[in-house]
Structures are given as C-alpha cells and as structure tokens.
Amino acid sequence: MAGVIWIVALVLVLFTVSYVGYGRYLSQFVGLDDSRETPAHKYQDGQEYVPAKKPVLLGHHYSSIAGGAPIVGPITAALVWGWVPAALWVAIGNPLIGAVHDFVSLSGSLRHEGKSIGYIIGEYVGEQGKNMLLWFAFLLTILVVAVFALVIGFVFDSYPQAATASMLYVALALFFGFWLYQLNLPFSVGTVVFVTGIFATVYVGIQYPIAFFGAEFENAPDTIVLFGETAPSIIPELGFNPNVGMWVLVMLVYGAIASVLPVWMLLQPRDYLSSFLLYTGVGGALLAVIVGTFVTSTSEPLTFQVDAWYGAFGSENAGYELMPLFPLLFITIACGTVSGFHSLVSSGTTAKQLDKETDARLIGYGGMLGEGLLAAVALCTIGIAGFAGASGGIGLALPNFADGGGVILTAFGIPESYGAPFMALVLASFLLTSMDTAVRLSRYMVEELVGTPTTSIQSFAANRYANTSVVVLVAFLLLGTGSWEDLWLLFGGANQLLAALALLTGTVWLTNWDRSKQLISTGGPLAVMGVITVLGLLWVAFYQVLFVRLISGDPGIWIWIAAGSQIVINLTLVGLALALFWKGYGNIKSTGDVGGEPVAADGGDGIPEDD
C-alpha cells in the first residue's frame, strides 16, 4: 500500500521550484520596488493602516488564508474521489493558479492605495462593475462565516479539549495585543511568553475539556458538560447534535465581536500567535512523515487507508449518488489550490499592513504555497485515519484530521492522547481566524458600497454593529438544511468563482497599465476557473439543492427557507460573475484596440470609466 511520503515529496519539490523560479519572475513582472511608499505608511491611522513587521504580517496573512478550508476541502475530496486526483490538483494547481492569484491581488492592491479588488475593477470598468464585485464578495463572506462556524462546531464536539484550548488561546491573544500596543513591552519577550502559553493551552484543554450538552465524548470521557445532557428545544441540532448547534451560535457571536475590534487588539496578535500553531502543525507533521517513514516508526503505518481512485462519479462516502469529478473536484478543494477569499484578505487587510513592496513575494506567492503544504498535510492525515467515526457523513469525518495527525506525530514520541488534541486545536484556530476575518471583510465591503451615507438605510448599513449582525444572522439561516455537502460545495463554487473574478481584475489592471504585458499568467487561470466554477455552481443549485433536497425529498419549512436561500444566493452569484466577465472582456478588448498611452502607465490608479 502506498505511503503518504509520496504526497510530501511531490509538493515539497514542486513548490520549492515554483517559488524560486516563477515567484521571482512574477516579482519582476509587476515591478516590486521598495522605494515606493506602501499604503500602510502613506495612510497610517492606527486602526486599519498599520505597518507590520514581516514575520507578524506573514503570521496574520498565513493564518487568515490558511484557515479550515485547505484542511476540509482535501479531506472531503479524498473521501469522495480518492487521494490521487486531490493530490494532483493541489500540487500542480497551487503554484500555477492559486499562488499567482494571491500575489497579483496583493500587488494590485498595493498600487491602488490598499483598496479592495472591487475598487480596482471599478477604476477600469466603472462604478457598476465595482458594486457588482463587492456584492459578490459580500455574499461569499456570509458563506464563509456559515461553513466555518459549522466545522468549528464539529471539531469542538469531537474534541472538547480543543474547545477549552481555543477559548484560552483567544484570551492570550487579547493580552498579547495590550502587551505590544498599549504597554509597549518587548516584542521578542512577548513572543516567548505568549507562544509558550499557546502550547500550554493544549495541556489545560486535555485536563479540562468542555462541552455545552451531551453525555458521551469518545475522545474525552472526562469532559465537563456545562448545561447537562439534554438541550432546550430552542437550541438547533446541527449535524443532529445540539452541542454542535450551541457551539455554532457561540462562534457566530464571537466572530461578530472580534470583527469590530481594532486590528491591534485581536486580529494582528492572534494571527501572529496562531502562525506558530500553523508552522508547528504543518511543518511538524511534514517532518514527522519523513522521520516516521525513514528513521523511527509510528503507532500505525503511514500508508493510505483510503483508495487512490474511487471513480469519476464519486464513492459511497459521497453525500449524493452523482458527484462528477468535473467540475466538483475543483470547487471541493476550495483553498488548498486556489481561493477567491484570499484576494479579499490580500487587498482588504494585508495590503494595508505591508511594510515594503518586496515583502509581497513571500507573503503573497509564498503564503499560498504554504497553504498548499497544509492541504498536503490534510491529505496525509485523512489517508492514515480513513473514514473512521464518520457515520454522520463527510462533515463529521472532518475531525479525523486530528486522528491522523495524532498518529503522524507519534514519530517524535508524542502520545496520540496529546498529538490528536493539538492537531484539533490547529484546525480550530485556523477556522476561527478565517471566520472572524470574513466578518470583518464583509464590513469593509458594505462600507465601500455605501460610501458616504445620505439616507437612514445607508447609515444603518454602514454601521459596523448593524451590518455585522446582519451577516451572522444570514449565515445562521443558511445552516438550516443541516447538509454539509450542500454548504461546502456552494461555498467552494462561490469562492473559486471569486478567484476567477480576482484574476479578471488582475488581467484588466495589467492590460491598462501596459498593453505589452503578457496576459497568459493571469488570463489562462482566469479561463480555467471561470468555466469550472459556473458549471459547478449550476450543478449544486439545480441537482443537489433543488432536485434532491426539495423535489425528491420531504422538506420541512426550515429546509425550504435554507435551501431556497442557497439557490437564490447561488444563482445571484453566477449572474453577477457572468456580467462582470463581460464587462472585463469589453475593457480588455477596447484597451487593446485604442491607440495612445495605457491608462495607468506606472501600474497605479487608472481613470474610472463611467457607465
């Protein structure tokens, strides 16, 4: 039986060659220059525009993009179609599509005052195009919040130790923010103190695991149940489990609160601290696979317990009889290969904190390769753990990342009883960072859409507390079907379609900057992702949700509301994307046909074109 070492070898070789070669070429292609003043310095305000040290910003960016999706997507894909197609899509697609997408989104934002991709596209195709892309991205962030809150609920229910550790980790991040920005205490000393504290939370979580409701917790028999075995009827039973439902509610409230705090208070310090979890979890697991294969041994063989190939229409593990490899594989692995959400992080938060332009290569291109490594680790863990304990469906198989990770870490002599909760904390911390970052980004986009409020409705929409509340409420409503497969593929398709739109934005920017620029680097991935994602979203809307859930099923009113909302959002996203593709094509075509100087000769702001 094949060993998981083959996945590790494949991604390490391809990613190293890509960063050294293609990453350097792209840096020269967009003309990164440290003599230019970055938006973080030019507009420094202590709130959103805050120059950050390279390791701090890399930690924030890496934690924000490398959330739960690069773990969840590969695991789901491997269980449905087999580990070989999942591994190939990650290893090849990441450096050629995903890393290019992230790098160009960050570079383009740098040349446009740290503004979002919506603002950039508006500079070249008009205000209407900007608003359409912002609405698209806003709807996507709601899906991100819903999906990640649900996965956190699954993880905390399977590993109550991670629930305790995660709560302590958030508290430590708040203290670290005050340590750095209010008390002005040494950065290096704080790093040692608080990173040590983060790893200590794993031990505390093992000693004092917590849950809201329930009687039996297989991975933590001594769990402290806060409110008894039976939950009140008002608590939603997501995944047929009120404990999951309660954790989802708590996470949505947390996401709302975290998103309105200043970035120095929680976002920057938390993401910096969580980066050490990521580096240790990803780097440690990759190294443990190598050590466990060639040097020591592990508690179980490091070989695949899932098949290499289940067939073009999916395995019996799938939630539906028909799950065609094309196009669903490419929207199932939503972040390990390419992710539109990253363009929002790059242009919504990271570009406002970049200290020097040349930092963009490591943070943009290199950060995405790092996410690919996380996806490779996820494939290794599920390959070893298999489909154990997943009687509730693929959604409930996701915590098997911790099971497989615990086995891998025994190569270093770490007992599974410690390794598995640690890997569960790694997964939970990434989910938390991505979820509350998504809520924050949704606020940014609403504020851009409204501009200066002139009516009471606009004033309400621009209010950070009001629009944040709306986001988490709609996210909760979307969870009503209780179907993991519906939600994940809807999120994946929307996410990948936004990636296509970000690549369109980059292509339009490059065209208007200099018509002699080659457009293959962004145009090729744009075409691939555009076709795949539109077809995938239409399949989800008409087959999985409309036909299976509503026409063939016996839905109650709650499922009708949730499924109907999913279909409306799905078709709205497709319509917005097609309209934007047409506008972008018109701009590229007209720019190529008209003589004279390009619109943005220095790669900066273009001249807005009225509709």
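Leu12, Tyr203, Leu287, Ile290, Phe294, Val295, Phe412, Ile414 and Tyr418 form a nonpolar surface patch of about 840 Å². Patches are built from residues with over 30% relative accessible area and no salt bridge; nonpolar side chains (Val, Leu, Ile, Met, Phe, Trp, Tyr) are joined within 5 Å, like charges within 9 Å. Accessible areas follow the Shrake-Rupley method with a 1.4 Å probe, and for residues only the protein chains shown count as cover. Helix H11 (residues 267-294) gives the patch its largest share, 3 residues. Helices are DSSP runs (H or I, at least four residues), as strands are (E, at least two), numbered from the N terminus. Ile414 sits in the loop between helix H16 (400-409) and helix H17 (416-450). Its relative accessibility is 32%, so Ile414 counts as partly exposed; the class lies between buried (under 20%) and exposed (over 50%), with a 1.4 Å probe and protein chains only.

The model is predicted: local features need pLDDT of at least 70, side-chain atom pairs count only at pLDDT 80 or more, and totals for chains, interfaces and linings use all residues. Residues are numbered from 1 along each chain as its sequence is written, and side-chain values use heavy atoms, with hydrogens and water left out. The mean pLDDT (the predictor's confidence in each residue, from 0 to 100) of the protein chain is 88. A value of 70 or more is reached by 94% of its residues. Over residues 593-601, pLDDT stays under 50. The model has 18 contacts (heavy atoms within 4.5 Å) for this stretch beyond four places in sequence. Residues 606-611 also have pLDDT below 50, with 21 contacts beyond near neighbours in sequence.

The largest nonpolar core holds 212 residues. Such a core is a set of buried Ala, Val, Leu, Ile, Met, Phe, Trp, Tyr and Cys residues joined through side-chain atoms within 4.5 Å. Helix H7 (residues 127-158) supplies the largest share of this core, 22 residues. Phe148, Phe156, Phe491 and Leu501 have the most contacts inside the core. Leaving aside residues up to four places away in sequence, Phe148 touches Gly68, Ala69, Leu431, Ser434, Met435, Trp488 and Phe491.

Ser274 lies in helix H11. It is buried, at 0% relative accessibility. Beyond four places in sequence, Ser274 touches Ser63, Tyr169, Phe430 and Thr433. Tyr310 is in the loop between H11 and helix H12 (325-332). At 25% relative accessibility, Tyr310 is partly exposed. Its contacts beyond four places in sequence include Ala78, Val80 and Trp81. Tyr310 and Ala78 are 232 residues apart in sequence, with their C-alpha atoms 8.9 Å apart.

The count of salt bridges is 7; each has a side-chain nitrogen of Lys or Arg within 4 Å of a carboxyl oxygen of Asp or Glu. Arg36, Arg111 and Glu357 are linked in a network of these bridges. Glu357 pairs with Arg36 at 3.6 Å between the closest N and O atoms. The two residues are 321 residues apart. Glu357 also meets Arg111, at 3.2 Å, N to O. Arg111 lies in the loop between helix H5 (83-110) and helix H6 (117-125), and Glu357 in the loop between H13 and H14, so this pair ties together parts 246 residues apart in sequence. Glu357 is buried at 3% relative accessible area, and Arg111 is buried at 9%. Arg36 is partly exposed at 31%.
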